[in-house]
Amino acid sequence: MIEKGSRIVIGGSAGSFNVVLNILSNLPKDYPFPVILVLHRLKHIKNSFVDAISLKTLLPVCEPYDKQSVTPGQIYIAPANYHLYIEPDQTFALSVEDPVNYSRPAIDITFSSAGCVWQEKCVAVLLSGANADGALGLKTVKSCGGTILVQSPQEAIVNVMPTAGIKEAKPEKIFTTPQIIDYLLQGAKPRDSINKKWK
Amino acid sequence: MFALKHIKGTLAILSEHAGIDFNQFRTGFLQRKISLFATACNYEDLGTFNEVLIHSKSLADRLIQEIFPSERELFRDADLWNFLHQHLLPDLLFRKHNLQVYFPLLLHNADLCAFLFLLNFKPRPESLKITVSPLFEKIKWDKNAYSFNKKEKKLLEKHAEQLNFTHFDDIFSETDDSLLLQIYFHPNITVEEKLESSDTSLDLVFVRNKLLLLNPYAQQTFLEEIDARLTSGKYLIIGAKEQLSPNMQKTYKSIHPTLHIYQKL
């Protein structure tokens, strides 16, 4: 069961985009938690990402500005070419430090800071991807008392990222996409899904 | 990650070492950077790390460089510099032939960044002086820290002798001058020897991705200082994900959809 006041952080790379759309399309309009997406992408791809995701969800979608507060029921996408941190005052902090794991935004950075700040209220989800980014962050979330969900490598289009996450963080259970959706919908009214086909 | 109370001890040592007021920076950011650095140096507790840090200038230098991100991306943003050369500078030079450009800089590589600024600035001045905070005097230019391309190397050989640094510590005395670098460019390159903090006006201000590092209060103070020195028609450049204060949003207009260049009304 997701605790009241939880924050969802989803990380993914190659092969994760359709899974993300599947998850988001199933969240109801009054979803009570913020959802933060950290997805690897080319740095010149900007707002089209927000537009593409907005088409598939009832929740508002934006790229956060630096020092913007984290609000429930909002989907935030880590901006291209910035690392996304969570500050102790519950605001976003963006950074132009060098890439981590060849990536900016780096999933490890967002997972780690979210885990440290939100602790047991942090739910981190690691999806398909072609490198090990996110694995260490997932371990941090777990050590801080948060919940970790890793997409099944058998299901993932590219299994390097979830496999690394499993190896590093040793989750108790591996999740298929429908199981991730069911988990995230706990404590929320499921949307009368127009996208059941995604399941 | 190490606890914030222990991080404060590290910051006190760094402040003593480099004269930086770390109270201006975001705490979570500092906590993460120091924790990662100490862990990467194989220190499991920060107390031991701090004991070593007190006596190791080189370790402190490395940590400071680790804390502050690189500046180089600004200088390789062709869109920005093209827009400056084609629109902003002609507009400013049409109205005023002594430009005062303000470029706040992080602690390290101040002279390197000043040089890159010079390379990007057209028309390239015949001679110049660059005014920097006294803190930058301590910093040696490490040419290996930056990968020059062929064009830059050629210009470096030609213009390196032009770099002539002078120091002052007056203009932004109310904030942390360790964060700031002042550069004054003029078409004929004459430089005012000293600027009084109360009556200095600026023509063009670069603060792109610098506000990210500051805490909300320091950012507000910093922007107020900048705003007070920009008169009508002058320009301010911030980062894609930085925002002007609510008051400034009413008194500045965006003049480019993606470069985040604002002109004071």
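A:S13 is in contact (heavy atoms within 4.5 Å) with A:H40, A:S128, A:G129, A:A130 and A:M161, leaving aside its neighbours within four places in sequence. A:S13 is found in the loop between β1 (7–12) and α1 (17–25) of chain A. At 16% relative accessibility this serine counts as buried, a term that means under 20% relative accessible area, whereas exposed means over 50% and partly exposed lies in between (1.4 Å probe, protein chains only).

The model is predicted: local features need pLDDT of at least 70, side-chain atom pairs count only at pLDDT 80 or more, and totals for chains, interfaces and linings use all residues. Residues are numbered from 1 along each chain as its sequence is written, chains are lettered from A and ligands numbered from 1 in the order in which they are written, and side-chain values use heavy atoms, with hydrogens and water left out.

**Overall form of chain A**

- Chain A has six helices and nine strands; helices (H or I, at least four residues) and strands (E, at least two) are DSSP runs numbered from the N terminus.
- The C-alpha trace of chain A spans about 40 × 35 × 30 Å along its principal axes.
- Of the 199 residues in chain A, 59% are buried.
- Among contacts in chain A between residues at least 6 apart in sequence, 69% join residues at least 24 apart.

**Surface and charge**

- The accessible surface of chain A comes to about 8100 Å² (Shrake-Rupley method, 1.4 Å probe), and carbon and sulfur atoms account for 55% of this surface.
- Chain A carries 20 positive and 17 negative side chains, with the centres of the two sets 5 Å apart. Lys and Arg count as positive and Asp and Glu as negative, while His and the chain ends are not counted. The place of a charge is taken as NZ of Lys, CZ of Arg, CG of Asp or CD of Glu.

**The seven-stranded sheet**

- Seven strands of chain A form an open sheet with parallel pairing, in the order β3-β4-β2-β1-β7-β8-β9; two strands pair if DSSP finds at least two bridges between them.
- The edge strands, each pairing on one side only, are β3 (61–62) and β9 (174–175) of chain A.
- Strand β8 (residues 147–151) of chain A runs parallel to β9(A), and two bridges join them. A:Q151 stands opposite A:F175 in β9(A).

**The β5–β6 hairpin**

- Four bridges join β5 (residues 83–86) of chain A to β6(A), and these strands run antiparallel.
- Five residues lie between the strands of this hairpin, where A:Q90 takes a positive phi near 70°.
- A:H83 stands opposite A:S95 in β6(A), and A:Y85 stands opposite A:A93.
- In a regular strand the side chains alternate between the two faces of the sheet.
- From β5(A), A:H83 and A:Y85 point one way and A:L84 and A:I86 the other way, and all are buried.
- From β6 (residues 92–95) of chain A, A:F92 and A:L94 point one way and A:A93 and A:S95 the other way, and all are buried.

**An exposed loop lysine**

- A:K29 is found in the loop between α1 and β2 (35–39) of chain A and is exposed, with a relative accessible area of 65%.
- Leaving aside neighbours within four places in sequence, A:K29 is in contact with A:L58 and A:L59.
- The C-alpha atoms of A:K29 and A:L126 are separated by 23 Å, and the two residues are 97 residues apart along the chain.
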